[in-house]
Amino acid sequence: LSPVCLGSLRRAATMARTTEAPHQIRQTSYAKSSQVREIRRRMVETIIDEIKSFSLEDVVKKLKANNITQPIQKAAQNTFPIEEVHIRKVKVLKRPAADYLKIMAMHDAAKEDDLTEQDIENADMDMVGEEVAVAP
């Protein structure tokens, strides 16, 4: 669980795969239960540190860029070598309170963006019409 930050509470489902240590002879590489607990503890600490001060949009950007898994891997490397870390799901448990003014500002900005795109398309169509008229 991540702490309540900016009004929301999120749960991240993370998984990691162990790998063999350098110079290991044995074919399998299973971590002891105490090592698994330590890896989980470090994963939780790292995830909290990485996303506690960011908004939901910023967290999504970090997840898409896969910027959270490398620090998790580095933090857990001392306990037992792990090679693959994946955050497979992030669930929003508590949503922030709806701010009416912020929502309206976002909608107004979206409308302005839509208008400018439509204006650009209309301007392009006018220019194409002018070019066709000038060409013959």
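Colleague: Is the crossing of α1 and α3 right-handed or left-handed?

Modeller: Right-handed, for α1 and α3. Keep in mind that this is a predicted model.

Colleague: And at what angle do α1 and α3 pack, and how far apart are their axes?

Modeller: Helix α1, residues 33–51, packs against helix α3, residues 69–76, at about 145 degrees. Their axes are 9 Å apart.

Colleague: Which residues make the contact?

Modeller: From α1, Ile-39, Arg-42, Met-43, Thr-46, Ile-47 and Glu-50. Helix α3 contributes Pro-71, Ile-72, Ala-75 and Ala-76.

Colleague: How do the residues of that contact divide into nonpolar, polar and charged?

Modeller: For α1 with α3, 7 are nonpolar, 1 is polar and 2 are charged.

Colleague: Changing topic. How many cavities of 30 Å³ or more does a search of the whole structure find?

Modeller: The search finds 1. The largest cavity holds about 30 Å³ of space.

Colleague: What lines the largest cavity?

Modeller: Ala-12, Ile-47, Ile-51, Val-59, Leu-63, Ile-68, Ile-87 and Val-90. That lining counts 8 nonpolar residues, with no polar and no charged ones.

Colleague: Which elements give two or more residues to the lining?

Modeller: Those are α1, α2 (56–65) and β2 (82–94).

Colleague: What about salt bridges, how many in the whole structure?

Modeller: There are 6. In one of them the side chains of Arg-17 and Glu-83 meet, at 2.2 Å from N to O.

Colleague: Where in the chain do Arg-17 and Glu-83 sit?

Modeller: Arg-17 is in strand β1, residues 9–18, and Glu-83 is in strand β2. The pair is 66 residues apart and links distant parts of the chain.

How values were computed:
Residues are numbered from 1 along each chain as its sequence is written. This is a predicted model: local features need pLDDT of at least 70, side-chain atom pairs count only at pLDDT 80 or more; totals for chains, interfaces and linings use all residues. Side-chain values use heavy atoms; hydrogens and water are left out. Axes are lines fitted to C-alpha atoms, for helices over the stretch in contact, and angles run from 0 to 180 degrees between N-to-C directions. Helices (H or I, at least four residues) and strands (E, at least two) are DSSP runs, numbered from the N terminus. A crossing is left-handed if the near helix is turned anticlockwise from the far one by less than a right angle, and right-handed if clockwise. Contact means heavy atoms within 4.5 Å. Ala, Val, Leu, Ile, Met, Phe, Trp, Tyr, Cys and Pro count as nonpolar, Asp, Glu, Lys and Arg as charged, and the others, Gly among them, as polar. On a 1 Å grid over the protein atoms alone, a cavity is a set of points where a 1.4 Å probe fits but cannot get out, and a pocket is an open set with protein on both sides within 12 Å along at least five of seven lines; lining residues have an atom within 4 Å of a point. Grid points are joined across faces, edges and corners, and a volume is the space filled by probe spheres set on the points. A salt bridge is a side-chain nitrogen of Lys or Arg within 4 Å of a carboxyl oxygen of Asp or Glu.
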